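Have the viewer open as you read.

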Amino acid sequence: KTEAKWLDLVQGLAKSLGGSAVANFGPDNNGDGVGDFAVKGRGSLSKKVEDRKLRKGYTEEQVVHKVIGDAIRATIIVDTPEELGAAVRAAVKKIGEADIAVDNKWERTGKGAYLGVHACIKFPDAHGTTMKAELQFHLRDVNNGSPKEHTPKEQSEKLYKLKDKPEFQAHGAAIDAASYLMWAAATRRVR
């Protein structure tokens with residue numbers, strides 16, 4: 001029920017925007033309703049839950065509902081910066097300012113940082129409890145939803161995951177530098 005409610009919200013938002021806007025729920029899903037990645041995978045979620053339980057002393061349910069911000073997630077993908085701004089404004093209006101916190105990562109583009117807008121949403125689950133959901137907003141040139149193409153979003157995800165591997169932990173600065181160069185090139189691509 002929670003996942004279906006989330007899919008309806010995000011797909012409805014994308015449809016209301018018109019233009020190039022599509023709802024995306026993970027690799028190779030272009031808003032067709034399948035929602036393969038609308039709910040974070042068990043392995044990824046378990047890792048976050050255990051980490052937060054150890055650091056904060058929370059129960060598993062408390063972590064999932066109150067701490068983890070992307071147990072359910074989706075992306076709205078658009079073609080232009082103007083559509084990106086319109087999508088964020090429409091989400092704030094639809095969800096309500098009290099239930100959404102927007103983090104505009106574009107504000108750091110001068111440093112070659114990650115390009116996108118993330119919104120943390122207080123989302124009512126099927127049991128009447130509020131949980132955190134993440135809705136990202138991306139330009140198609142940065143993230144088109146396909147892992148088969150070498151978009152900056154997909155490549156940065158690979159670099160990000162390398163930093164968790166013990167054999168690469170000593171190379172964190174080099175990984176960050178590669179990520180910086182990739183995002184700097186992406187910034188030039190969409191301007």
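What follows covers the ring pair first, then the strand pairing.

This is a predicted model, so a word on the ground rules: local features need pLDDT of at least 70, side-chain atom pairs count only at pLDDT 80 or more, and totals for chains, interfaces and linings use all residues. Residues are numbered from 1 along each chain as its sequence is written, and side-chain values use heavy atoms, with hydrogens and water left out.

**The ring pair**
- Searching the whole structure turns up 1 aromatic pair (ring centres within 6.5 Å, using the six-membered ring for Trp).
- Trp 6 and Phe 123 make up that pair, with 5.2 Å centre to centre and 80° between the planes, which is edge-to-face (over 60 degrees; under 30 is stacked, the rest tilted).
- Trp 6 sits in helix α1 (residues 2-17) and Phe 123 in strand β4 (residues 117-124), so the contact ties together parts 117 residues apart in sequence; helices (H or I, at least four residues) and strands (E, at least two) are DSSP runs, numbered from the N terminus.
- Trp 6 is buried at 0% relative accessibility, and Phe 123 is buried too, at 4% (buried is under 20% relative accessible area, 1.4 Å probe, protein chains only).

**Strands around β4**
- β4 runs antiparallel to strand β3 (residues 100-104), joined by 5 bridges (pairing takes at least two DSSP bridges).
- Within that pairing, Ile 100 stands opposite Ile 121.
- β4 is also antiparallel to strand β5 (residues 130-139), with 8 bridges, and Lys 122 stands opposite Lys 132 there.

Methods
Buried means under 20% relative accessible area, exposed over 50%, partly exposed in between (1.4 Å probe, protein chains only).
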